[in-house]
Amino acid sequence: ATDPMTKSQRPMFLYELYPPLLGPVSTWATHARRAAAMGFDWLLVNPIHRPGSSSSIHAIADFDDVNPAIVDPADPRSPWEQVAAAVAAAHDCGLRVMFDLVASTAADSPLVAERPEWFLRAEDGSFLRPGLFDGERRTKTWDDLVAVANTTPPGRDGLWRVWAGAVERLIAV
């Protein structure tokens, strides 16, 4: 039977890739072929930027660099060229690719030292760590992150430039 909906009317069917579990980006073509064979039309790739020392893909140290855990050191191409090849392989399978950009910054990111005014401070002057709250009570603190000051200048302007650059680089691959 044929699908009565045109492709533009169909909902998006996303196949999520968690890069640290998959190994080098050179292996992603296998996952793309499997996703396409199962009827997915998109690959949603979780964050690929270089994390801080916690290795959490949600604590980004460098928005201009690729997570070394997903780069094939034997591949002579640059990390971004390797990512571009993986995206091209997904496109060859008929899939579109979407990257998850995490706008949180690792506590050990060079940005924190270079641009401390872009980050929030606690009452004692230390960098504020984001967390979860249950009403008034903090239930979880992420010590590997610093809270961004992205609603007022200069943090808003600087951080948004960094994030816009990250988006532009991901669009270019």
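**Reading the sheet and its salt bridges**

Tutor: Three strands make up an open sheet in the order 1-2-5, and the pairing is parallel; strands are DSSP runs (E, at least two residues), numbered from the N terminus, and two of them pair if DSSP finds at least two bridges between them. Strand 1 and strand 5 (96-99) stand at the edges, each with a single partner strand, so one side of each is left without a neighbour in the sheet. This is a predicted model, in which local features need pLDDT of at least 70 and side-chain atom pairs count only at pLDDT 80 or more, while totals for chains, interfaces and linings use all residues. Residues are numbered from 1 along each chain as its sequence is written, and side-chain values use heavy atoms, with hydrogens and water left out.

Student: What does Arg50 form a salt bridge with?

Tutor: Side chains of opposite charge can pair when their charged atoms come close. Arg50 pairs with Asp65, the closest N and O atoms being 3.4 Å apart, where a salt bridge requires a side-chain nitrogen of Lys or Arg within 4 Å of a carboxyl oxygen of Asp or Glu. Arg50 lies in strand 3 (residues 49-51) and Asp65 in strand 4 (residues 60-66), so the pair ties together parts that are 15 residues apart in sequence.

Terms used:
Helix = DSSP H or I, 4+ residues; strand = E, 2+ residues; numbered from the N terminus.
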